[in-house]
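Hi there,

Here is the structure I promised to pass on. Have a look, and then read on for some notes on its charged pairs.

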Amino acid sequence: MPDPDEIKRFLIVASSQQSASKQTVGAEADAIPWMTISIGMAALFMAVLDSFIVVVADPSIVADLHASASDVQWVLAGYQLSYAVFIITATRLADRYGRKRIFLLGVALFTLSSVACALSPNAGSLIAARVIQGLGAALMVPQVFAYVTVLVPAARRHSVYGVLGIVMGMATIGGQVIGGLLIGANLFDCGWRLVFWVNVPIGIVMFLLAVRYVPETGSAATRKLDMPGVLVLSAALFLLVLPLIQGQQAGWPRWVWACFAGSAVAFGFFVAIERGLERRGGDPLVPLTLFGQRSFSLGIILVLALYALIYSYYLALSVTMQQGLDMSALGAGLVYTPAATAFFVFSMVASRIVPKYGRRVLEVGAIILASGYLATGVLLVSGPRITPLLVIPTLILQSVGGGLVITQALNTVLSRVRPESAGVASGVLSTAQQCGGALGVAVIGAVFFSSFHPAAVDRVAAAGHAFAVASFGTFVIAVIAGVVVFLLPKQPAVQA
């Protein structure tokens, strides 16, 4: 007969092996695919960076290409327009044909168009290349958010979304710094072209790494592309974003308001198409049930407001530093450095404490953010002439608040989204960012430039006055964002 002691030892060993096996499986289930996510983060950083890095390059582009003010505006606008219009369509293309395939196509387009931007002999070719670059960004960015929702375990997503928020925030704020440093370095006598050349080696490395490490996901067997929805939504977004970008420069003529009216009609038609498709059991481009989630709907409004703040305020600050104070691109970029550092530090703090304290962190951040804009305006109207040293402390205050609230907005929007809706939800999020940016530039830009009269008075005084007015305008938007924050769910949900 078998020795009872041997049987006992065998059972103990088997039990310990089974327990170890379960722990290994559990660890694998909780693992974050950091290589895939890191590749996506690099793509996200470059896409967001290129929305801002050209702001400090504008004077150099004007001097080198003899570009007009309208040309320079379209260097930025062409990118934003194609980016905003095609994002949601790109998410559905990825659902149907595979996220990896569409991501690689986006990286390739973004990289090749960056080469075209760097080699542009005139303003027209630069604008055309920027439009294609925006299309490449639209193909890349939504896949990054979708990969987080699909590949990262539900319990770990909040931390990854926090890192993504930090990446986007640093690209937004750091764009001014990086652009100034690149133009100031003037490597190989490239001047402003270096802000595009820098994308090329990064894009090549991203593409090669993505081929190997990014898995293919999507549901090609079940997804059909809603072409009527694609066409109508693209038209609606085009009619919305174009006048937002061009309205202030054109003086708000009648065609701008006609576009806004046409956009409203097109959006209404789009909703009718999507509802009809849902009733017939089809596959709508944007499931309207997404907007029935309170956290998602409020989160989209929050993203619109926050990116309206960021885009418009840093544009006003760049113009103030370069045109008002006659600073170089490098000097203007360095003004942002302390604020960028504060943003990074408090973004890291927020990613650690939000899981415990939830909405309270965002509430504190929203109050500090609004206080920073108000403090800038009050300081400038109280008498002192504007100098970089005068605004740096309030920029840091804004960045402390922004680090706490802006980087966590992704959690708010995406934390309750189910994996099967990850692609389209991320597309709506990215569209909201671009539309919010265009809206902010249109509104605050109009306020700023209508108040900036350098020929009538001292240029520095005129810049200080205009920047004060812009600061009060952004304070109002920050208050709206703060109200939305206080309406959010107190804790982000964990969605399996």
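Is Arg 130 buried or exposed? Arg 130 counts as buried, at 0% relative accessibility (buried means under 20% relative accessible area, exposed over 50%, and partly exposed in between, with a 1.4 Å probe and protein chains only).

Before the rest, a word on the source: this is a predicted model, where local features need pLDDT of at least 70 and side-chain atom pairs count only at pLDDT 80 or more, while totals for chains, interfaces and linings use all residues. Residues are numbered from 1 along each chain as its sequence is written, and side-chain values use heavy atoms, leaving out hydrogens and water.

The structure holds 4 salt bridges (a side-chain nitrogen of Lys or Arg within 4 Å of a carboxyl oxygen of Asp or Glu).

- Asp 50 and Arg 130 have their closest N and O atoms 3.9 Å apart. Asp 50 lies in helix 2 (residues 34-52) and Arg 130 in helix 6 (residues 123-151), so the pair ties together parts that are 80 residues apart in sequence. Helices here are DSSP runs (H or I, at least four residues), numbered from the N terminus. Asp 50 is buried too, at 0%.
- Glu 363 pairs with Arg 359 at 2.6 Å, and the two sit 4 residues apart in helix 15 (residues 359-381), about one helical turn. Glu 363 is buried at 12% and Arg 359 at 16%.
- Arg 385 meets Asp 458 at 2.9 Å. Arg 385 is partly exposed at 48%, as is Asp 458 at 38%.

Best wishes
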